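Let's take a walk through this structure together. We will start with a helix and move on from there.

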Amino acid sequence: MPDTSTRPPLPPFTRETAIQKVRLAEDAWNSRDPEKVSLAYTVNSMWRNRAEFPHGREEIVAFLRRKWSRELDYRLIKELWAFDGNRIAVRFAYEFHDDAGNWFRSYGNENWEFDDHGLMQRRIASINDLPIAEADRKYHWPLGRRPDDHPGLSELGL
């Protein structure tokens with residue numbers, strides 16, 4: 001049985017709705033709730049994330065559980081880069097530490113493709129990790145949604 005749920009805003013995207021879609025994705029990922037995050041993707045969504053290729057919601061949930069069990073105190077900022085029709089390109093940076101207390105900032109780009117219901121059917125991510133000192137962190141909001149008044153990537157010089 002196909003998933004017929006909708007996830008506004010729907011394509012084709014305008015600048016305003018693409019920015020809204022990016023912020024909704026950022027908010028969901030900052031929840032660090034794999035099941036909640038997976039609902040934004042089609043049941044057969046295809047990903048490329050570094051060297052992993054999750055396919056479908058079940059694999060996406062498993063991937064995110066593994067990710068957030070290793071990437072502790074995870075905080076993410078996404079920013080619109082470009083959009084056209086049912087596609088959005090974003091750049092992002094997130095900070096986390098491992099279980100030994102080593103901090104990292106990961107930078108990357110994602111290409112997203114959506115179905116007519118606003119569910120992401122394809123996600124292609126390229127990511128690089130940079131070890132940072134805890135004193136060099138830029139993301140200090142409480143875990144969860146980034147506050148509206150917290151600077152974005154461009155304002156932080158990232």
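Here is a short tour of a helix, a strand residue and some aromatic rings.

This is a predicted model, where local features need pLDDT of at least 70, side-chain atom pairs count only at pLDDT 80 or more, and totals for chains, interfaces and linings use all residues. Residues are numbered from 1 along each chain as its sequence is written, and side-chain values use heavy atoms, with hydrogens and water left out.

Begin with helix α3, residues 57–70; helices (H or I, at least four residues) and strands (E, at least two) are DSSP runs, numbered from the N terminus. Its buried residues are Arg 57, Ile 60, Val 61, Phe 63, Leu 64, Lys 67 and Trp 68. Buried means under 20% relative accessible area, exposed over 50% and partly exposed in between (1.4 Å probe, protein chains only). The exposed residues Glu 58 and Ser 69 sit on the face of α3 turned away from the buried side.

Next, find Asn 49 in strand β1, residues 41–49. Asn 49 is buried, at a relative accessible area of 5%. Beyond its neighbours within four places in sequence, Asn 49 is in contact (heavy atoms within 4.5 Å) with Phe 63, Arg 123, Ala 125 and Ile 127. Arg 123 also lies over the face of Trp 47, 4.2 Å from the ring centre; for this, CZ of Arg or NZ of Lys must be within 6 Å of the ring centre and within 35 degrees of the ring normal.

Finally, Phe 96 counts as buried, with 7% relative accessibility, and so do Trp 112 at 3% and Phe 114 at 2%.

How values were computed. Expected span 1.5 Å × (residues − 1).
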